[in-house]
Amino acid sequence: YTWQVWAIYMVLAANLSEEQALKQACPSCGATEVCNCSSMGLDFIPPGLTGKITVLNLAHNRIKHIQSQDLQQAVNLRALLLQSNKISSIDEDSFCSLGKLELLDLSNNSLAYLYPAWFGHLFALQHLHLQGNFYRDLGESSPFSSLRNLSSLHLGNPWFSTIRQGNFEGIALLDKLWIDGGNLSQYEPGSLKLIKKINHVIINLRNTNVFSAIVMDLLYSVIWLEVRDIRLEMEKKILVQNSTLPFRIQKLTFKDASFTDQYMSRILVSLKDITSLVELEAIDCVLDGKGEWDIKEIANSGQSFVETVSIINIVIQNFHLFFDLEGMESQISQLKRLTVTSSRVFMVACKLAKHFSSLLYLDFSDNLLVNNRLKETICEGAWPSLQTLNLSENSLKSLKNTANSVTRLPKLINLDISQNNFGEIPDVCEWPENLKYLNLSSTQIPKVTTCIPTTLEVLDVSANNLKEFGLQLPFLKELYLMKNQLKTLPGAVPIPNLVAMSIRRNKLNSLSKEEFEGAQVGAVHLSLMECHGSLVVSLICALVFLVILVLVAVGYKYHAVWYVRMTWAWLQAKRKPKRAPPKDICYDAFVSYSENDSDWVENIMVRELEQACPPFRLCLHKRDFVPGKWIVDNIIDSIEKSHKTLFVLSEHFVQSEWCKYELEFSHFRLFDENNDAAILVLLEPIQSKAIPKRFCKLRKIMNTKTYLEWPRGEEQQEMFWENLKGALKS
């Protein structure tokens, strides 16, 4: 029995010491379920981890090795963050107790190999990050065969060179797969075919042959393929071979990629074979050529199935020599959405523009279009189906000419020409007859005129210099007037169907009834300050005044000012030495008493003590305080220059406000120093509970320390004086 008790004691002691060690290594690992130990310079996993922890963050430390017992007790862990350490080795069963783990981040460490045993018991794992280590391959088999619930996987590094068949065995579905394969040089065909469906694949590649092999494997499983950092040069291989399997890929993105003219011809031909592909995207790419593509081969290869093309920030080294892409007409007839932004586009040839017969959406924002070139770009018969056009952030200068150009777009509904520097607005303009949305924000127009079409349902003229708005727009539903100089609201009668209006950051100072005549406000999204600025300011001022008044009243009642000033004086006094040097002691005692007891103090006690042999020097506030000096400073100086402080306690003393203040400071100064400088004289019997509760140390002294009590009999009075004199001399 004794042995069992001893064993239990040792276990409890060990657990207690481990918990203390954990808190010492990582103070945040307390009562919460989240344990954040990141960036603490740890070179080991702290001991004492328990089942109550669900998130453990050990990122950005110096951990080199994970041992079997380190995480053994953390059975309820959901997220384990170990990125940016120096981990080079992990015991095979280090994660075996983490059956509930959903996120494991081992990125940016020093792992030279990946062992399947590490992940063998992580049945709930959904997100695994392994990028930025030193491994060159994934081994001979699959490290992920047990991860049936895996959703996202990020792997690869600058030394990662080989992917083998079977490396992804056990993974059937993935939401996201990210492979850093900048130096990937060996890819065994079929390796990625084992994954039946992937929503999004991001792969960094430089090797064109590996790119072709991976694309052929992913055509049937991935929905969105994003390829980064690749230089696509001459390529003779075909991407698609004869297959009865249905294609799954719908979107292909190139980011930070480089193309040659020769490869552009081949890729455009090859992509036509992928009948499921409907969207192409190129972001931050470089075209090393001038558009000298094999137009004949492209045309003979058949029709493209792509419906959406986005080109964002493409760099063409010799863009001024770029061909007009004549001969590409047959490849663009089915295109429905085209975005070419931040790419220095200054014109589209009229002949080419006429063949965008199915295009519904066109975004040419942040380019170099000017009015003369816009006339060529939107020539008669060009963009016949276009409904939405974005020409914002270009170099258009004339609103009248811009309007005339877009009149050639008979089906245009939405037009964004914001952030062009028009500067002025004519009185009359021609617009497409179906135009419903017009964005003229940030165009430097000083006013609005009848140039604005009456067919509009949405109008944005924000961030201009408008001082008034008086247009008649019978169909308008939404009006945006932010950041202007308006002093009054637009009238309600000219815009009877208005549903929403934004007028933030104007100079409105009043609202009149006429401005709302005939219109019912359904929903106004304005702050209280915007609607009732003066009222809100008045209410705030009144509330502040009321609060100050209440504070003053409470402070007066409870003498708050006195206590604040006294506390400040005490803090200042704390900076001084606790006791004055002997040469600075001027009095034997400072006497604290009630004015109602002054007769006894001044006529009996003072006479007895100051006429003794040798005489005692007493400090009395009536006699010895410096005139004109603040009372608290007088108290401080008197106490510090006195050897003792003598309290004459009575019912009058306790009830006296002045004595309370004096006792308050004495309480601070004397009892804070834990010395015996206080002498208590009871002029009459008094209960310790009569002492104010806030003077807890004084109450304690009355209960524990001997005090002198003034006797009524003359025989006992002689003994009283002897005892008092002895106390003063001590």
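This is a predicted model: local features need pLDDT of at least 70, side-chain atom pairs count only at pLDDT 80 or more; totals for chains, interfaces and linings use all residues.

Trainee: What counts as a pocket?

Mentor: Lining residues have an atom within 4 Å of a point. Grid points are joined across faces, edges and corners, and the volume is the space filled by probe spheres set on the points. Here, the largest pocket holds about 1400 Å³ of space. Its lining has 48 residues, and W293, I311, F322, L325 and V340 are the closest to its centre.

Trainee: Which helices and strands supply at least two residues each of that lining?

Mentor: Helices (H or I, at least four residues) and strands (E, at least two) are DSSP runs, numbered from the N terminus. For the largest pocket, α3 (261-271), β17 (279-283), β19 (308-312), β20 (315-316) and β21 (337-341) each give at least two lining residues. α3 has the largest share, with 4 residues.

Trainee: On to charges. What is a salt bridge?

Mentor: Side chains of opposite charge can pair when their charged atoms come close. The cut-off is a side-chain nitrogen of Lys or Arg within 4 Å of a carboxyl oxygen of Asp or Glu. This structure holds 14 salt bridges. Take R164 and D137, which meet at 3.2 Å, N to O. The pair links distant parts of the chain, 27 residues apart: R164 sits in the loop between β9 (162-163) and β10 (173-181), and D137 in the loop between β7 (127-129) and β8 (152-156).

Trainee: Is R164 buried or exposed?

Mentor: Buried means under 20% relative accessible area, exposed over 50%, partly exposed in between (1.4 Å probe, protein chains only). R164 has 18%, so R164 is buried. D137 has 23%, so D137 is partly exposed.

Trainee: Which strands hold R231 and D288?

Mentor: The side chains of R231 and D288 meet in a salt bridge at 3.4 Å, N to O. R231 is in strand β14 (residues 231-232) and D288 in strand β18 (residues 286-288), 57 residues apart. R231 is partly exposed at 34% relative accessible area. D288 is partly exposed too, at 39%.

Trainee: What about E307 and K336?

Mentor: E307 forms a salt bridge with K336, with the closest N and O atoms 4.0 Å apart. E307 lies in the loop between α4 (295-300) and β19, K336 in the loop between β20 and β21, 29 residues apart.

Trainee: Now the sheets. How do I read strand pairing?

Mentor: Strands of a sheet pair through backbone hydrogen bonds, either parallel or antiparallel. Two strands pair if DSSP finds at least two bridges between them.

Trainee: Which residues face each other across its strands?

Mentor: β29 (residues 587-592) joins β31 by 5 bridges, and S592 partners F647 in β31. Then β31 joins β32 (residues 678-682) by 5 bridges, where L649 partners L682. β32 and β33 pair over 2 bridges, and L682 stands opposite E709.

Trainee: Why is β31 described as largely enclosed?

Mentor: Count its buried residues. In β31 (residues 642-649), 7 of the 8 residues are buried, so β31 is largely enclosed by the rest of the structure. Helix α13 (residues 631-640) reads likewise: 8 of its 10 residues are buried, so α13 is largely enclosed by the rest of the structure. Among those buried in α13 are V632, I635 and D637.

Notes. Residues are numbered from 1 along each chain as its sequence is written. Side-chain values use heavy atoms; hydrogens and water are left out. On a 1 Å grid over the protein atoms alone, a cavity is a set of points where a 1.4 Å probe fits but cannot get out, and a pocket is an open set with protein on both sides within 12 Å along at least five of seven lines; lining residues have an atom within 4 Å of a point.
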